[in-house]
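Have the model open in your viewer and your selection tool ready.

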Amino acid sequence: MDKLYWLEQIKLLDRAEVGDKAFYLSRIMQRGYPVLSGFVIPASVLREFLENLNSSEALIADLPNSSLHLDVGNWRQLQQVAERLRQEIISATVSPELLTAIYQATQRWATQCLIFRPSLTLPTGKHGVANISGLLDSQICDCELEAIASALKRTWSQLFRARSLLCWQQAGIDLQQINLAVLVQPIHNALASGLVNTNSSHWEIQASCGLGIAIAHGEVLPDVYYIQPETRLVQEQQLGYKLLAYGINNENSSVDLQSTSISVPKQDDSGLQVYLLTEAQQQAYALPEEYLQQLIRLTNQLVQELGKHLTLEWTISQQTSLGTLYITQINLPQSGVSDVHFIKGLGAATGRITAPAHVIHSQQKPEQLPKGVILVAPAITPNWLPILQQVVGIITEHGGLTCHAAILARELGIPAVVNAASATTVIHHGEQLLMDGDKGEIYRLGTETQEEETDKRLSDQFLPFLSFPHHTISSKQSPSLREAAKRLQNRNYLRAGVSPLLQNGGESSAALNPGLRHTSTRNHNSISSITNSSTKESMIATRLLVNLSQPSLIEQVLSLPIDGVGLLRSELMVLNILEGQHPLNWLTNGRQDVLLERWYEQILQFAQAFAPRPVFYRSLDWRSRELQSSSENLQSSPQSMLGERGTFSYLVNPAVFELELAALANVQQSGYTNIHLILPFVRTVEEFNFCRQKVEEARLTRIHHFQLWMMAEVPSVLFLLPEYVKAGVQGISIGTNDLTQLLLGVDREQGQFAQAFDERHPAVMNAVAQLIRTARESKIPCSICGQAPALYPEIIEHLIEWGITSISVEPEAIARTYQAIARAEQRLILEAARRQMQ
């Protein structure tokens with residue numbers, strides 16, 4: 001063993017040997033910033049270890065010099081190779097000299113546990129190509145020789161995970177170009193841990209109890225503080241949702257966690273323990289005021305010295321009776337991009353894209369849009385949908401998180417930023433943009449070099465602390481993803497062609513679902529996380545449905561673990577067939593039969609694709625102003641937030657509703673009995689009775705399994721639901737978008753009211769709870785299809801606890817919603833078990 005690199009001694013020329021993580025920490029440590037002591041096992045040690053693997057297999061023998069160019073589309077081969085390589089590394093022997101050197105070095109510290117942190121260096125120019133956040137996990141172990149050897153090999157073996165091999169190949173990186181070092185540090189219980197993100201406009205501090213593992217794994221929603229950089233004062237703070245914390249077993253802690261400990265299966269020698277926080281701890285901020293101020297001062301020093309844009313991880317270690325604040329990771333922006341222009345809006349649809357801007361200054365819908373552009377417009381309405389199929393991103397000057405631009409973008413699977421003030425003025429037509437739909441940020445790019453540097457800057461600044469990216473599984477997904485998802489889809493969780501959702505009053509119970517669905521609890525965008533049979537799987541009992549409108553997305557969505565379509569948005573679906581004309585124009589011009597056939601064919605595509613799973617078709621819900629460009633010959637209502645919406649418009653002119661019912665009846669007559677109807681924006685029982693009579697006249701109810709539901713989005717339903725049930729409502733779907741705007745008096749289309757439009761508001765949450773409770777008492781199913789569960793996964797636990805039957809979200813939110821449901825159900829089961837033990 002030649003050398004271990006101590007952080008305080010690392011030099012500039014050592015960067016390739018120690019990796020970026022250790023290098024950056026050493027830089028700030030040597031400038032006097034608080035960084036825990038540590039040493040690095042250099043990348044050359046791993047290369048030597050691989051060269052000494054004693055195996056007759058060519059795959060293993062050639063490993064140090066192999067590029068491992070696999071057919072990553074062949075997921076079986078990828079999994080087999082990855083598993084074989086990792087097994088070889090885990091079963092190999094680490095040299096006694098290396099173990100002794102590591103162990104002796106750790107004796108400087110009075111610690112029971114160590115953390116082995118991967119520190120990676122990729123070839124120059126490859127940082128922006130491959131997203132490596134969450135790719136390699138830290139390993140924790142006891143400070144013993146055998147445990148050290150095991151943790152080191154586990155760290156190294158992650159280089160050959162299936163998802164790692166996929167990442168290297170997609171990025172065009174050969175294994176010989178990768179330098180993987182390991183930073184070893186002591187780890188102690190922590191009072192709190194978290195992140196700091198800074199930019200020129202504000203700083204954001206995140207904090208949660210215990211070690212930072214809970215934040216990294218997405219198991220808590222941390223407390224958040226927003227700091228004004230100039231004054232360094234707290235502008236706003238939000239209490240998170242913190243149910244648990246991680247600590248070191250049998251180590252003293254000033255946070256009283258021991259009394260609430262729960263046992264978790266040990267998968268290694270980590271000595272980690274998960275603790276349930278008491279209710280008082282959950283309701284308190286994790287970061288005491290004195291440490292908050294200390295962290296703000298520390299951040300200010302770093303910003304003054306290193307620049308306005310940086311991200312760091314921190315922890316308050318309890319290795320002594322007085323907690324000590326340490327920096328555990330820092331990422332700095334790359335030089336040469338300080339002049340990149342920046343526009344801030346609301347991140348409304350996930351994803352990042354680089355493309356030229358196509359700027360439209362008018363709110364009138366253009367005839368067409370070029371392919372592959374980012375649309376920049378004041379606002380858009382649903383009738384823009386047909387021309388949006390070719391764009392790769394949307395930026396609007398107006399709108400909130402539930403505006404039409406946001407909903408359309410999420411369904412099309414493209415990023416969107418809304419409420420970007422003066423975007424059509426600031427952004428020039430044709431210029432190259434990089435937009436981040438997660439952060440709501442837009443960068444103006446100058447040259448190709450600047451584009452690469454900016455992408456690298458964004459990757460370094462924002463991505464390292466996300467366990468995995470939340471991106472839609474695209475229609476270009478690999479065959480391995482499609483094959484794995486098909487296996488999920490083919491599990492026998494539907495009986496005799498009838499969805500369990502529609503039986504026994506829609507109760508959410510495992511008894512209704514003998515073949516519960518399984519999926520990975522980690523990155524849904526990774527082959528290994530979905531297909532690796534050795535990966536832990538989670539089961540969920542709550543029905544998970546999808547919101548759809550576009551037939552072009554059916555094939556993609558079929559590969560997701562869903563129970564059917566919870567919301568088929570008819571008003572968006574039919575825009576593809578109307579040729580820019582209002583349906584009434586078709587009827588007036590004598591083209592009723594043509595329109596009926598087209599409408600039937602659209603619905604039939606969904607019924608066929610998802611059978612026998614249910615498809616809940618919501619009848620037309622247009623506000624009068626939303627189709628002005630396609631109804632010039634019709635009398636227009638005055639502009640208003642509501643217009644002649646929902647079932648009220650059916651009373652005024654029932655012809656189009658009757659045509660919809662005829663199309664549904666034709667689908668039934670074609671042999672598909674999985675189609676059901678949801679009535680939108682029902683204001684009164686009389687409106688429902690009118691619609692029910694029309695449904696009966698269309699003979700839809702002749703099919704025994706047909707269900708007539710209504711949207712629960714007008715506040716009057718809170719008082720009238722029992723009356724609706726008596727009138728024949730067989731289920732409700734809570735529309736949190738409209739329910740929120742009507743309860744709080746906030747127009748959801750206006751982005752300037754984004755802070756006031758909050759589905760988590762107590763008034764909204766109490767209304768949702770009341771609706772679920774009343775539905776259960778009335779023995780009818782209750783679903784939720786608004787944006788709330790997708791935007792705020794923390795409310796899912798409440799929904800399940802209250803008794804929600806199903807949750808329906810956009811395709812891009814399926815994976816994270818599935819994981820949130822699984823976590824929530826597991827926590828509720830755990831809490832119930834604890835109560836029984838008391």
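Select Thr106 and Gln107 to start: their side chains are joined by a polar contact of 3.2 Å (a pair of N or O atoms within 3.5 Å, one able to donate a hydrogen and the other to accept it; residues adjacent in sequence count only if both atoms are side-chain atoms). This is a predicted model, where local features need pLDDT of at least 70 and side-chain atom pairs count only at pLDDT 80 or more, while totals for chains, interfaces and linings use all residues. Residues are numbered from 1 along each chain as its sequence is written, and side-chain values use heavy atoms, with hydrogens and water left out.

Stay on Thr106, which sits in helix 5 (residues 96-106); helices are DSSP runs of H or I with at least four residues, and strands are runs of E with at least two, numbered from the N terminus. A polar atom of the Thr106 side chain lies 2.6 Å from the backbone oxygen of Tyr103. Is Thr106 buried or exposed? Thr106 is buried, at a relative accessible area of 0% (buried means under 20%, exposed over 50%, partly exposed in between, with a 1.4 Å probe and protein chains only).

Next, select strand 6 (residues 190-198) and strand 7 (residues 203-209), which pair in the antiparallel sense over seven bridges; pairing requires at least two DSSP bridges. Here Leu195 stands opposite Gln206 of strand 7. Widen the view to the open sheet of six strands, ordered 9-8-7-6-13-14 with antiparallel pairing. Its edge strands are strand 9 (233-238) and strand 14 (324-331), each pairing on one side only.

Finish at helix 25, where the buried residues include Val764, Met765 and Leu771.
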